Amino acid sequence: MIGRSMVPTYLRYIVPSMIAFTLTSIYGIVDGLFVGNVVGDAGLAGINVSFPLVQFVFAVGTGIGMGGAVISSIRAGRGDEASSRRAVGNTLLMLVVASLPLMAVLLMFGAPLSELLGGRGATLAEAVNYITVIAWGTPFLVLQVGCLPLIRNRGHVNYAMGVSVLSGLVNVALDWLFVVELHAGTAGAAAATVIAQALAFALCAAFFLRKGERIALRDFKPQARTIGHALKLGMAPFGLTLLPEVTVVAVNMNAVVQGGEVAVAAYAVISYTAMIIQMLIQGVGDGSQPLVSRSYGAGRYAEARAIRTTNYVITVTIGVLGLAAMYLLREQVPAWFGASADTTQLIAFALPVFSLSYVFYGFTHASTSYFYATDNAVASSTIVYGEAALVTMVVTGLGTLFGLNGIWASVSVVQAVLSMLAFGFLRKSDHALSRRTSPEETAAPARA
């Protein structure tokens, strides 16, 4: 655990991050609330089917932004501010370059991809309506989500939180206007998201134009070593952002076989509620990342491990509380989304079963954040992409053997296996760092 002197600094980083991530998840849920109550099950299922494509866009921005941010922080921890700024400039360049082909792909292939992800009939029509509008705003989505880690790693955590909060409030207001008042359906919900993300990007751009934060033109000059390193580190946060949607795809494709559109709509509600718990946990890991990276870069390895231990206490506690909340609210949650009677009955059973995974999720994902924050791309990427492979196999296998009950339990099984894998990597990492840690640091309390 961190020492008492470090608590204010730790809280100054993780609290705004947790707030921002939680509000982001709530704003995402608002899309489902408005669409579910106005459009119905088909609209709700349509957004759930196409949202993995949206999350892929966010994942690209997050992976590039977080990879560059980690490098920037480690270099700053070593006292090399010029090199730290070059990492920021190269990261911004990569974000711009990555956004344009993504937009082209979604515009050309959004419909067939939505069908491939499980869209059928009315569900497919609503999915296409949603993703077509999102496609036009892809550059804003990539740039906004990629800039926020850079801003946090410059020490401006409250500014990053403010950007998330303000854009989210705009999203909610426009959801009400477009979906409820103008009856624009899923396309209206997508338009609200795009406009809100465009506003968020404008605020991020304003940050990097401020005196003291302005990035010089020379810092945008591509450096192959920096770009390669950022992409390597970014693979884990990319996968971590996309993983919930890998789970969504795997569950949707099996649920539609085992239970039809009702099962897909039920899982849409479950995945929306899961988003809150997952974003809270991610907020802890990403919020503390600048502190871990700077401690690691400065050679204060015991301090980095103390932050990691504190993260575990918080994230596992969040997982336990999330499980309890979903059990207690299993009858109320479906009504919030306007679910039909059949869908409600299915959700009431499945929600607590699925939510057991939160307890393990807190440990595995806090571990992943620690690994990429300390430049351990092998461990972080192995856990992340191992999870993707396991989810696909276990959901399909248990779904085939036990039907919908197996599908609901499969995510908890995957997270339990990954917890053991993460523990093995942690022991190996700690052993390696212990040989690089001085006796004086080992005996000293963690510093702010």
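**Figure 1. The whole chain of the predicted model.** Of the 448 residues of the chain, 59% count as buried, and this is a predicted model, so every value in these legends is computed from it. The chain holds 15 helices and zero strands. Its radius of gyration is 21 Å, close to the 22 Å that the globule rule gives for 448 residues, so the chain is as compact as a globular protein of that length. Taken along the principal axes, the C-alpha atoms fill a box of roughly 65 × 45 × 35 Å. Among the contacts in the chain with a separation of 6 or more, 86% come from residues 24 or more positions apart.

Figure 2. After α6 comes His183, which lies in the loop between α6 and α7 (185-207). His183 has a positive phi of about 55° although it is not a glycine, and with 60% relative accessibility, over the 50% cut-off, His183 counts as exposed. As background, most residues other than glycine have a negative phi.

Figure 3. Helix α12 (residues 357-373) packs against helix α13 (residues 377-402) at an angle of about 145°, and their axes are 8 Å apart. On the α12 side the contact is made by His365, Thr368, Phe371 and Tyr372, which meet Ala379, Ser380, Ile383, Val384 and Glu387 of α13. The residues of this contact divide into five nonpolar, three polar and one charged. In the loop between the two helices lies Asp375, which has a positive phi of about 65° although it is not a glycine. Is Asp375 buried, exposed or partly exposed? At 30% relative accessibility, Asp375 counts as partly exposed, because its value falls between the cut-offs of 20% and 50%.

**Figure 4. The kinked helix α11 and what covers it.** Helix α11 (residues 341-355) has 15 residues and reaches 21 Å from its first C-alpha to its last, close to the 21 Å expected at 1.5 Å a residue. A kink of about 30° is centred on Ile347, and Ile347 is itself one of the buried residues of α11. The others that are buried in this helix include Thr343, Leu346, Ala348, Leu351, Pro352 and Phe354. What covers the buried residues of α11 includes α2 (41-77), α8, α9 (301-328), α10 (333-336), α12 and α14.

Figure 5. The 31 residues of helix α14 (residues 404-434) should span 45 Å at 1.5 Å a residue, and the end C-alpha atoms are 46 Å apart, which agrees. This helix bends by about 35° at Ser410. Leu404 has its place in α14 and is buried, with a relative accessible area of 18%, a value under the 20% cut-off. Which residues does Leu404 touch, not counting those up to four places away in sequence? They are Ala255, Gln258, Gly259, Ala263 and Leu346, and Leu346 is also among the buried residues of α11. Between Leu404 and Ser340, which are 64 residues apart along the chain, the C-alpha atoms are separated by 18 Å.

Figure 6. Gly89 lies in helix α3 (residues 81-116), where its relative accessibility of 0% makes it count as buried. Not counting residues up to four places away in sequence, Gly89 touches Ile215, Asp219 and Phe220. The C-alpha atoms of Gly89 and Ala302 are separated by 31 Å, and these two residues are 213 residues apart along the chain. Met279 is found in helix α8 (residues 224-297) and is buried, with a relative accessible area of 12%.

Key:
Residues are numbered from 1 along each chain as its sequence is written. This is a predicted model: local features need pLDDT of at least 70, side-chain atom pairs count only at pLDDT 80 or more; totals for chains, interfaces and linings use all residues. Side-chain values use heavy atoms; hydrogens and water are left out. Helices (H or I, at least four residues) and strands (E, at least two) are DSSP runs, numbered from the N terminus. The expected span of a helix is 1.5 Å times one less than its number of residues. The bend at a residue is the angle between axes fitted to the seven residues ending there and the seven starting there. Axes are lines fitted to C-alpha atoms, for helices over the stretch in contact, and angles run from 0 to 180 degrees between N-to-C directions. Contact means heavy atoms within 4.5 Å. Ala, Val, Leu, Ile, Met, Phe, Trp, Tyr, Cys and Pro count as nonpolar, Asp, Glu, Lys and Arg as charged, and the others, Gly among them, as polar. Buried means under 20% relative accessible area, exposed over 50%, partly exposed in between (1.4 Å probe, protein chains only). The radius of gyration is taken over C-alpha atoms; the globule rule is 2.2 Å times the number of residues to the power 0.38.
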